[in-house]
Amino acid sequence: MEVPRAETINRLQAVLDVTSNAIIEVDSGGRIINVNRAAECILSGVATTLAGRPVREVAPGTGLPEMLEKALETGRLQMDCRMVINGKHLVANLSPIIRDGRVAGAVAVLQDVTEMQHVTEELQSLQERRQLLETILDNAGEGIVMVDEAARITLFNRAYCEFLGVKKEEVLGRHVQDVIENTRMHVVLKTGQPEVGEVQCIKGHRMICSRIPLKREGKIRAAVGKVMFRDVSDLRTLMKRVDSLQSELEYYKGVLRRHQGTRYCLKNIAGNSPRMRELKELVLKVARNDSTVLIRGESGTGKELFAHALHNASPRAHRPFVKVNCAAVPEGLLESELFGYQEGAFTGARKGGKIGKFELADGGTIFLDEIGDMPMNMQVKLLRVLQEKEIVRLGENRPIRIDVRVVAATNRNLDEMVQQGLFREDLFYRLNVVVLDIPPLRERKEDIPVLVECLMEKLSWRLGCPRKTLDPAAMNCLLAYDWPGNIRELENVLERVLNVVDDNVVTINHLPPYLHRDRDVPEVLGVRPLKEAVEQLEKTMILRALEATAGDCLAAARLLQIGKSTFYEKMSRYGITKKLKNNVVRRVGRR
């Protein structure tokens with residue numbers, strides 16, 4: 001029975017549509033006659049819209065039109081032509097259609113190899129990574145071996161080959177026991193327990209080895225062995241060398257600290273009270289950045305120690321630490337001391353000029369102690385340095401860029417000084433970025449035993465005398481005293497004890513009388529302790545001087561013939577700063 005032609009064509013079209021490869025038929029002019037469904041997906045169109053259109057119009061720039069034209073022109077089969085159409089990687093075979101001895105058209109069969117292309121690229125990437133890993137392992141100084149779960153060698157680096165005198169291709173695939181004597185790699189595969197730092201004798205050498213099992217999905221799939229040192233004697237030699245280098249490093253660290261002017265770290269600051277622990281934690285946090293730090297505290301509380309510790313805990317620890325006492329440098333020389341000067345800048349200037357403290361501290365830290373005593377004209381110039389990060393030497397107009405962290409310290413109340421016009425407000429806010437408030441000793445008396453222990457050790461070494469201990473009564477006496485001079489006063493008391501006491505145990509009778517006198521004894525006939533009388537007289541004289549000068553602190557200091565820093569210290573000690581503001585000035589104003 002003969003099948004109708006139309007039915008045959010439909011069946012053939014159905015067969016073409018279920019074929020996974022794309023099939024495109026063109027006439028002798030390169031126009032599309034028919035495509036199957038796979039080709040519709042690749043060309044992003046349906047057969048009805050694609051029919052009659054030139055291939056060059058449907059798939060320009062893909063190489064398909066050129067390959068079809070070549071098949072039409074030559075009448076020869078074109079094989080394994082690679083191209084990319086709409087992001088798909090394709091391999092095409094193009095066959096000419098010959099009728100009556102002439103080329104009537106052509107058929108292109110395209111196979112989508114996109115997934116295969118991705119797999120190939122991934123395999124190439126894995127191969128490159130493997131080669132890179134093998135190169136790294138071959139250049140390692142230690143011997144490295146890897147075995148599979150059957151203890152067959154899958155990797156053997158160059159160092160191990162040279163040590164054993166074998167070739168890599170000779171050992172790959174062999175059982176590890178046949179290649180390495182006294183090995184325990186097969187044991188590690190069975191037990192799953194790593195062996196680290198074990199001694200193994202190979203070719204007469206006692207070597208230190210590590211063997212690590214490798215697990216995947218809970219099962220041991222392989223193991224890696226590593227020879228850490230060629231011989232145990234090498235390890236001993238290395239350890240001695242490391243110890244020697246460590247000693248040299250500590251020595252040169254000490255030399256560097258002495259050269260830079262820093263001697264103290266946080267561990268050198270005694271005290272475990274809550275306030276001190278909190279303060280030390282703050283120092284570690286602040287040390288990580290370059291923010292300006294203001295250290296406040298009474299005289300003798302250890303502000304300079306915290307400045308040293310802050311520098312040594314910072315990334316600038318190996319750079320200079322330069323200290324400037326703003327109260328000790330004469331006002332006329334402070335600018336040249338801080339910023340330096342050019343030759344001939346003023347009468348008496350050093351030949352060749354001089355580098356200032358800020359330049360010396362470049363890259364490191366500058367510590368401006370007693371910042372509250374800095375003259376007003378210098379405060380303006382310091383503010384510019386903090387804002388612009390540059391200085392100008394005396395006698396020069398050229399600015400010099402600097403990288404310096406500024407740490408300032410004072411025992412004065414800068415807030416009140418700003419209100420009194422004695423300190424610039426803008427500079428105060430520039431300095432008051434991060435504040436470290438050092439508590440006085442009377443507010444952390446629980447630290448006194450620790451401080452006594454540390455100070456006794458330091459003073460005994462310095463004075464060359466045996467250490468002494470305090471009996472409980474003497475320690476209680478120290479704990480009961482308020483220490484207006486703070487740690488400096490405590491150190492002076494202990495130094496006096498070490499100088500005058502011959503016994504190994506210090507009793508309360510060895511301490512200065514003012515530490516343990518009975519403050520509750522009533523005055524008899526107007527007589528009271530001399531120290532109290534002197535303090536009361538000093539306080540009265542300061543108040544009278546302030547009243548006479550209408551609250552001008554500098555004028556009052558000159559009237560009493562004492563230094564301004566001493567004057568401010570006594571004001572702070574007697575607590576009359578606020579009284580000055582509220583009473584003296586008001587009283588003078590009423591007059």
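**View 1. The largest pocket.** On a 1 Å grid over the protein atoms alone, a pocket is an open set of points where a 1.4 Å probe fits, with protein on both sides within 12 Å along at least five of seven lines. In this predicted model, the largest such pocket holds about 1,200 Å³ of space, a volume being the space filled by probe spheres set on the points. Local features here need pLDDT of at least 70, side-chain atom pairs count only at pLDDT 80 or more, and totals for linings use all residues. Residues are numbered from 1 along each chain, and side-chain values use heavy atoms, leaving out hydrogens and water.

**View 2. What lines the pocket.** Lining residues, those with an atom within 4 Å of a point, number 39, with Tyr-264, Gly-302, Leu-305, Lys-458 and Glu-491 nearest the pocket's centre. Helix H18 (448-463) is among the contributors, and H18 gives the most, at 6 residues. Helices are DSSP runs of H or I with at least four residues, and strands are E runs of at least two.

View 3. Ala-474, Met-475, Cys-477 and Leu-478 are buried (under 20% relative accessible area, 1.4 Å probe, protein chains only). Looking down the axis of H19, these buried residues fall within an arc of 155° (taken from the directions from the axis to the C-beta atoms), so they line one face of the helix. Pro-472 and Ala-480 sit on the face turned away, and both are exposed (over 50%).

**View 4. Neighbours of H19.** Its buried residues pack against elements including H18, H20 and strand S20 (469-470), contact being heavy atoms within 4.5 Å.
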